[in-house]
Amino acid sequence: LTHGSGGRAMVQLIEELFARHFANEWLAQGNDGALLPPAGGRLVMATDAHVVSPLFFPGGDIGCLSVHGTINDVAVMGATPLWLSASFILEEGFPLADLDRIVASMARASKEAGVPIVTGDTKVVEAGKADGVFITTTGVGMVPEDLTLSGDRARPGDVVLLSGSIGDHGMAIMATRENLGFAAPIVSDTAALHGLIAAMLATDAEIRCLRDPTRGGLATTINEIARQSGVGVMLDEAAIPVNGEVAAACEFLGLDPLYVANEGKLVAIVAAADADTVLAAMRAHPQGSRAALIGEVVADDHHFVQMTTGLGGRRIVDWLTGDQLPRIC
Amino acid sequence: MTAVRIRVCGIVQGVGYRPFVWRLATELGILGWVRNDAQGVEIAAEGDGVERFVERLKSEAPPLARVDSVTASVAAIEGHVDFLIAHTEASGRAATAIGPDSAVCGDCLADMFGPENRRWRYAFTNCTHCGPRYTITRNLPYDRPQTSMAGFVMCPDCRAEYDSPADRRFHAQPNACPACGPRLALVEAGGATLAGDAITATLRLLRDGKIVAIKGLGGYHLACDATNAAAVAALRSRKQREEKPFAAMLANVASIAPYAAASEAERALLESAERPIVLLHKAAGADARLAGIAPGLAWLGVMLPYTPLQWLLFHEAAGQPAGIDWVAAPQPLALVMTSANPGGEPIVRDDDEALRRLAGIADAFLTHDRAIVTRCDDSVLRLPGPQFIRRARGFTPRAIRLASAGPSVLAVGGYLKNTVCLTRDDEAFVSQHIGDLDNAPSCAMLEETVERLIDLLEIEPTVVAHDLHPDFFSSRYAATFAAERGLPLVPVQHHHAHIAAIAAEHGIGQPLLGLALDGVGLGTDKGIWGGELLRVDGRQFERLGHLREIRLPGGDRAAREPWRMAAAALHLLGRGDEIEQRYSGKASLRQMLERGVNSPPTSSCGRWFDAAAGLLGVRDVAAFEGQAAMLLEGLAEVHGAVAPLADGYAIDAAGALDLAPLLARLCDEKDAGFGAALFHATLAQALAKWTLQSAMATGIRRVALGGGCFLNRILAAGVRRALEDAGIEVLEARQVPPNDGGLSLGQAWIAMKGKD
Ligand SMILES: [Fe+3]
Ligand SMILES: [Mg+2]
Ligand SMILES: [Zn+2]
Ligand SMILES: [Zn+2]
């Protein structure tokens, strides 16, 4: 499908499409913005622009990804996600059927998560000015009065919990985009985590901080926490779950799964005394069935993240300025 | 009667120079005094034999001294009545700070092996002419209380030696004897001390095939019987070091023959006071006699005992003979002596750390109560040159003299084989080998080394230099160090630094050409460089050309898996369909190459070596860094020289050297030995032609050969010969390794140059 010069007829077409999939009381108000009821507490707002190639990949597409990503950013603040907005930048000539699939996927994700998309906008740009479709979502959530989760609260002795396997999303994207015919398909882990987080918070355990290790992967997230808190972290390589096909693909591509993106995993820094409680709550939830204790927070003036490896060594898991640049001289 | 003032410059402090002068003066009836000062040693001499005295100062010196100049000027007669060793001039700092560690001397061996001597079998025997320095010193001045000997109070006998200018142990700071000095202990893995004679028991363990951690000068070694294949295999499996070569310790040069060939020069290097590991050509049958020590390689690293403790093991094996005749006679004992550096971390230094970190590796620990202050690995060299592979014990902290003075610089080196360098006036102090900065203890050692050198050398850096790569710990450390002190940072391109290191040690001030061949280093264009032809002019450089780029499929993984580089070469040659044929199940690699997935292009020469090794089937996956290239060199050497491949390379208009035709030829070569020889011959010729072209174009007739690839002797010799035949002056790294161990010196030299 092509849309001619982006005229009025086409915008109408898109609006109908959104109305059909997203139908809810706020959109039905038909105003420029959504009028929302009082939330009754402190609000958290997060926004995320989603750009992904390919748009469709095993385990998901840009639509559900844009819903999960923002819900997770709100949820790791300890908040209950309430509402989402969505804005679309569409490239002229983008197939309407694809858009329909994406919007349907977003609607499904939003419905499953129980977080409605209450307002939105669409712009169409000339062919070549965008890569199919870009979706920006913003989420608002409410956080309980007595809860503060923050990256600067990790203390030596705390433990590091991970909700499941790493690297699935990034490798699913790469394998699809580059058409690297690996034996077993790799499926993205894209998912909304607020249910798992609610279960964790319900334990009343001393959770210092939650993070979703998206871009830059687990390594980058742990390094951010270490630097924010002024501590070091010692990870145990053997304890970090990595799916076999992801490990194999990473090895083949020369990538370190620690730096590969995830879209449905979280890291929790938890007081050691509460580790078992939180871990049990995580494992009881479908999204945390493979949750693991992967390391501990240590005192370290360098704020190094280190990892004990299978060979009895300890290596630094660096934060990287950019890509994984070669360095072996 | 005449009187003169004499000034002696060089390494003349802390090496027994003043007592040497005292003895000479006493012998010749000269009166006056000798003292240390900021420039070295100053002497006032009067008497009838003054000319003869000056002559002998020029021709003689104690073993650890290095006299650069002796200048005498006429002075007024002062009427001295004796010859005194005066106290050090307090003003100004000591010109020569602290010496390197030195192997035990012959006189001390005679003491240790004289049954009547009070130092019979004493493991801490030393004198002014030998023994530990750098590794036991905490602070300046180099005086016993500032060393790890501080806690040992000299007995009256030792004190008398220490105080007597006529004695070999006059002011020997670590002077000790069984009555007052450090003691040995043999400790079980659990920490319990074993009763009985520690040396006797240790040798028994070694002969039983056990692995013993032995405390050395700059850290612990892991030792086992090198002729016991099972013991070596156990050491490999416990150290998780499957193939990387071990060095062997043999009693003396007379014991080498069954294992390796050593030339006169190699013997001299082995016997030098620095006592490095020297890489020797393996003898026929060496692999059978020393199974598993250096599997598959043409080289064997050999060193001779340098501490009294090591000598005692050989003495024990020889049956505790009296006297020193046995010292030069062939001895059958051969020991593996490998640095105890678990997981690639710095060599283990502290006793409790040894017990903890080596628990699963060593069966017992031969240790003692003298602390190691500064870690220092064994140095590794090879001839011709000699060329450093690793510069550490015996050499640090000796200064490298530069052509001119400049601001004090701290240069922090690269990522692998890291060293740091500090400069003071016209001297550059390159640290001992620190190691790979992929682990926290190595990073901590970098910091500690910088702090210690700053203290020992009394340097206040005013500029900080580092590599362009933003993710090296060294680069980040440099940024922090500079920010805390408000100092300027000088980022230095990796290959510029490789060439500058050579310019620095050779005192070259004019522009020169540099052929920098190594693994990878970040370029100024953010590209991944590694086969560069540069024009270097102090802080400026120009990239005149580079090797044709080849993809690095899998980034750093491609550096460990030569088959990937072979596949990249096939792809480059338009023969990508052969990847699947050669490497079944790896068809995706072709896809990676075609789509450029984690396959950045690089001009690295090391990766061309890997590609050749992969195509010739020499090695698909390397067990340690540089293994494929080492094996390729070994094959070429065994095969013997061949003529270069005609049209094996091309130079394009932009100055890129393309080796694709050579690799195309190697794809179909079944004889790996011939292929290896052909690769070396053609590469050397191509590089020489390429360089000559630039020499003509620029009018610069001096070329430095830098980067780790020049550890390859066939390549270095081939390029040198071809360039020298064309009248080009060729400079190689001699005082630091050509590999990344020399980067810090190059960085420092560039930062000293200042902006213009
Ligand atoms: Fe290098
Ligand atoms: Mg975000
Ligand atoms: Zn001595
Ligand atoms: Zn004594």
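Helices (H or I, at least four residues) and strands (E, at least two) are DSSP runs, numbered from the N terminus. Keep that in mind as we look at this predicted model, where local features need pLDDT of at least 70, side-chain atom pairs count only at pLDDT 80 or more, and totals for chains, interfaces and linings use all residues. Residues are numbered from 1 along each chain as its sequence is written, chains are lettered from A in the order in which they are written, and side-chain values use heavy atoms, with hydrogens and water left out.

**The annotated active site**

- An unreviewed UniProt entry places the feature "active site" at B:R18 and B:N36; such annotations may be inferred rather than shown by experiment.
- These two span 19 residues in sequence, yet no two of their C-alpha atoms are more than 7.9 Å apart, so they gather at one spot.
- B:R18 lies in helix α1 (residues 17–28) of chain B and is buried (under 20% relative accessible area, with exposed over 50% and partly exposed in between; 1.4 Å probe, protein chains only), at 14%.
- B:N36 belongs to strand β2 (residues 31–37) of chain B and is also buried, with 7% relative accessibility.

**The YrdC-like domain**

- The unreviewed UniProt entry puts the feature "domain: YrdC-like" at residues 196–394 of chain B.
- Over residues 196–394, chain B is 25% helix and 23% strand, and the end C-alpha atoms are 33 Å apart.

**Helix α20 of chain B**

- In helix α20 (residues 660–667), the buried residues are B:A660, B:L662, B:L663, B:L666 and B:C667.
- Seen down the axis of α20(B), the buried residues fall within an arc of 155 degrees (taken from the directions from the helix axis to the C-beta atoms), so they line one face of the helix.
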